[in-house]
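The following note sets out a number of points on the model, for discussion. Please read them alongside the sequence and the coordinates.

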Amino acid sequence: MDLTQDKIDLISRIIKSDRKFSNNEDLFDDFFNETCKRSVAIMGVVDSELTLESYLKRIVTTSIINVLKDSGRLRRTGAGYMSTKEIVADTNETIDYSGVNITYANINIPKNPEEIVIQRDILRFVAETIKNIDMANPDESFLQLYHLRYDKGMTQKEISDELGISQSEVSKRLYKLMDKVKAVIE
């Protein structure tokens, strides 16, 4: 089966949008050839452009990983795949930090007790505002979202898994919460 120009363009676009393509542009032809080999069977079967694009995204990811592994730029670890350029620190190894110079010039440390009190009052006000917003909108779980995102430092994906809602819903709710807090502050 011959690939039409629109299919070639689609494959090229998907390859270039994959995050593993960055810094591996020199392997584009290999990525393209591997993707074509793997996808030629589904090209004639899938009718919908959206379905085809979804399949191709998965095929591109697999093809890129295989080409990177074959070229020695990627290796499999217990946590997934990592670049062979990354160095894994041995946890039993003692690291000497005596030559490291740390400066704190960019950190704004309060210089007097009044500034500390003002910052504490602002934090209390924001915390109280978020509690009030959460009580006014109990179905939105604003307080729990805030806690997971800013206290625990979880990603939106981790929060969506934790709460059983979509990642886009987490994003919308966090944005809505910040808008409500800004409105109260202003």
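1. In which helix is the place of Asn 66? Asn 66 lies in helix H3. The model is a predicted one, in which local features need pLDDT of at least 70 and side-chain atom pairs count only at pLDDT 80 or more, while totals for chains, interfaces and linings use all residues. Residues are numbered from 1 along each chain as its sequence is written, and side-chain values use heavy atoms, with hydrogens and water left out.

2. Asn 66 counts as buried because its relative accessibility is 17%; buried means under 20% relative accessible area, exposed over 50%, and partly exposed in between, with a 1.4 Å probe and protein chains only. Residues up to four places away in sequence aside, Asn 66 touches Glu 34 and Arg 38, where contact means heavy atoms within 4.5 Å.

3. Overall, the secondary structure consists of seven helices and two strands. Helices (H or I, at least four residues) and strands (E, at least two) are DSSP runs, numbered from the N terminus. The order of the elements from the N terminus on is α-α-α-β-β-α-α-α-α. The protein has 186 residues, of which 27% count as buried. Among contacts with a separation of 6 or more, 53% are made by residues 24 or more positions apart.

4. Helix H3 comprises residues 49–70, and its length agrees with expectation: at 1.5 Å a residue its 22 residues should span 32 Å, and its end C-alpha atoms are 31 Å apart. The expected span is 1.5 Å times one less than the number of residues. Besides Asn 66, the buried residues of H3 include Leu 52, Leu 56, Ile 59, Val 60, Ile 64 and Ile 65, and also the charged residue Glu 53. Gly 72 follows H3 and has a positive phi, near 80°.

5. Asn 23 has a positive phi, near 70°, and sits in the loop between helix H1 (5–17) and helix H2 (28–43). With a relative accessibility of 61%, Asn 23 counts as exposed. Ser 141 has a positive phi near 55° and is found in the loop between helix H4 (113–136) and H5.

6. Two packed helices are described by the angle between their axes and the distance between the axes. Here axes are lines fitted to C-alpha atoms, for helices over the stretch in contact, and angles run from 0 to 180 degrees between N-to-C directions. For helix H5 (residues 142–151) and H6 the angle is about 135° and the axes are 10 Å apart. H5 is therefore oblique to H6: angles under 35 degrees count as roughly parallel, over 145 as roughly antiparallel, 65 to 115 as roughly perpendicular and the rest as oblique. Gln 144, Leu 145, Leu 148 and Arg 149 of H5 meet Gln 156, Ile 159, Glu 162 and Leu 163 of H6. By class, this contact has four nonpolar, two polar and two charged residues. Ala, Val, Leu, Ile, Met, Phe, Trp, Tyr, Cys and Pro count as nonpolar, Asp, Glu, Lys and Arg as charged, and the others, Gly among them, as polar.

7. The axes of helix H6 (residues 156–163) and helix H7 (residues 167–185) come within 8 Å and cross at roughly 105°, which makes H6 roughly perpendicular to H7. On the H6 side the contact involves Gln 156, Lys 157, Ile 159 and Ser 160, which meet Gln 167, Val 170, Ser 171 and Leu 174 in H7. Three of the residues in this contact are nonpolar, four polar and one charged.

8. Ser 160, in helix H6, counts as buried at 6% relative accessibility. Apart from residues up to four places away in sequence, Ser 160 touches Ile 165, Ser 166, Gln 167 and Val 170.

9. Beyond its neighbours within four places in sequence, Leu 177 is in contact with Ile 130, Ile 133, Phe 142 and Tyr 146. Ile 130 is 47 residues away along the chain, with a C-alpha separation of 7.8 Å from Leu 177.

10. Lys 176, also found in helix H7, is partly exposed, with a relative accessible area of 36%. Leaving aside neighbours within four places in sequence, Lys 176 is in contact with Glu 140 and Phe 142. Lys 176 and Glu 140 are 36 residues apart in sequence and 9.7 Å apart in space, C-alpha to C-alpha.
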